[in-house]
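Visitor: I would like to learn how to read a protein model step by step. Could you take me through this one?

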Amino acid sequence: METGSREKLMEILKKFRNAMLVTQATHGVLRSRPMALMKVDDATGDIWFMTSIDSGKVDEIESNPEVNVTLQQEHRYLSLSGRASIVRSRAKIEELWSEEAKVFFPRGKDDPHLALIHVSPREGEYWDNHGAVGLRFLVEAVKAYVTGTTPKTDSTQHASVPLSAGQTANGLTSAR
């Protein structure tokens with residue numbers, strides 16, 4: 001698998017409004033649930049969600065902060081692995097509040113049960129077969145079908161991107 005650029009990953013990530021947050025419940029069982037993206041930090045790639053402190057995912061994150069965030073839309077897919085934390089800062093809740101959140105928090109931004117989930121991704125992987133890239137993939141898929149091989153892809157379509165220490169300014173893994 002190729003190593004892609006942080007910029008490409010961020011370009012794809014910013015196209016999403018919803019995600020599936022995967023946490024680990026008791027006895028190692030994985031749990032997924034849909035979440036609305038409240039914010040994606042341009043500089044770090046950090047992701048923010050709103051939740052109720054009474055939610056089971058809060059206990060799961062506090063017990064094991066390793067999470068996965070998956071995003072899918074037509075011909076674009078993204079998977080982010082990292083660490084989550086629960087943030088109860090009223091100032092941060094105020095900053096991220098939107099009227100859309102009132103659907104889930106009818107008491108508004110001052111709801112004492114409202115908290116944030118902050119995800120700091122360490123690694124991301126994307127698959128992008130949208131638009132012209134998708135047409136190129138379709139041609140490769142047909143060739144692969146006819147020849148009994150697998151389709152060829154490049155970093156514009158599929159790549160892994162390190163998002164933590166050990167990466168260079170362009171998002172590529174540095175030599176160690």
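Visitor: To begin with the overall build, how many helices and how many strands are there in the protein?

Guide: Bear in mind throughout that this is a predicted model. The protein contains 4 helices and 8 strands, and when these are read along the sequence they follow the order α-β-β-β-β-α-β-β-α-β-α-β.

Visitor: What share of the residues in the protein is buried?

Guide: A residue is called buried when its relative accessible area is under 20%. Of the 176 residues in the protein, 41% are buried, while the accessible surface comes to about 9,900 Å², with 54% of that area belonging to carbon and sulfur atoms.

Visitor: Among contacts between residues at least 6 apart in sequence, what percentage join residues at least 24 apart?

Guide: In the protein, 67% of the contacts in that group join residues at least 24 apart.

Visitor: How many salt bridges does a search of the whole structure find?

Guide: The general idea is a side-chain nitrogen of Lys or Arg lying within 4 Å of a carboxyl oxygen of Asp or Glu. Searching the whole structure gives 12 salt bridges, and one of the pairs is R17 with E100, whose side chains meet at 3.0 Å, N to O. R17 sits in the loop between α1 (6-13) and β1 (18-24), and E100 in the loop between α3 (90-96) and β7 (114-128), so this pair ties together parts that are 83 residues apart in sequence.

Visitor: Are R17 and E100 buried or exposed?

Guide: Both R17 and E100 are exposed. Another salt bridge, between the side chains of E60 and R33, also has an N to O value of 3.0 Å, and it links distant parts of the chain, with E60 in helix α2 (residues 56-63) and R33 in strand β2 (residues 30-36), 27 residues apart. Here E60 is buried, and R33 is buried as well.

Visitor: Which residue does K109 meet in a salt bridge?

Guide: The side chain of K109 meets that of E94, at 3.2 Å from N to O. Since K109 lies in the loop between α3 and β7 whereas E94 belongs to helix α3, the pair ties together parts that are 15 residues apart in sequence. K109 is partly exposed, with a relative accessible area of 30%, and E94, at 44% relative accessibility, likewise counts as partly exposed.

Visitor: Which residues are linked in a network of salt bridges?

Guide: K8, R76 and D128 are linked in such a network.

Conventions: Residues are numbered from 1 along each chain as its sequence is written. This is a predicted model: local features need pLDDT of at least 70, side-chain atom pairs count only at pLDDT 80 or more; totals for chains, interfaces and linings use all residues. Side-chain values use heavy atoms; hydrogens and water are left out. Helices (H or I, at least four residues) and strands (E, at least two) are DSSP runs, numbered from the N terminus. Buried means under 20% relative accessible area, exposed over 50%, partly exposed in between (1.4 Å probe, protein chains only). Contact means heavy atoms within 4.5 Å. Accessible areas come from the Shrake-Rupley method with a 1.4 Å probe; for residues, only the protein chains shown count as cover.
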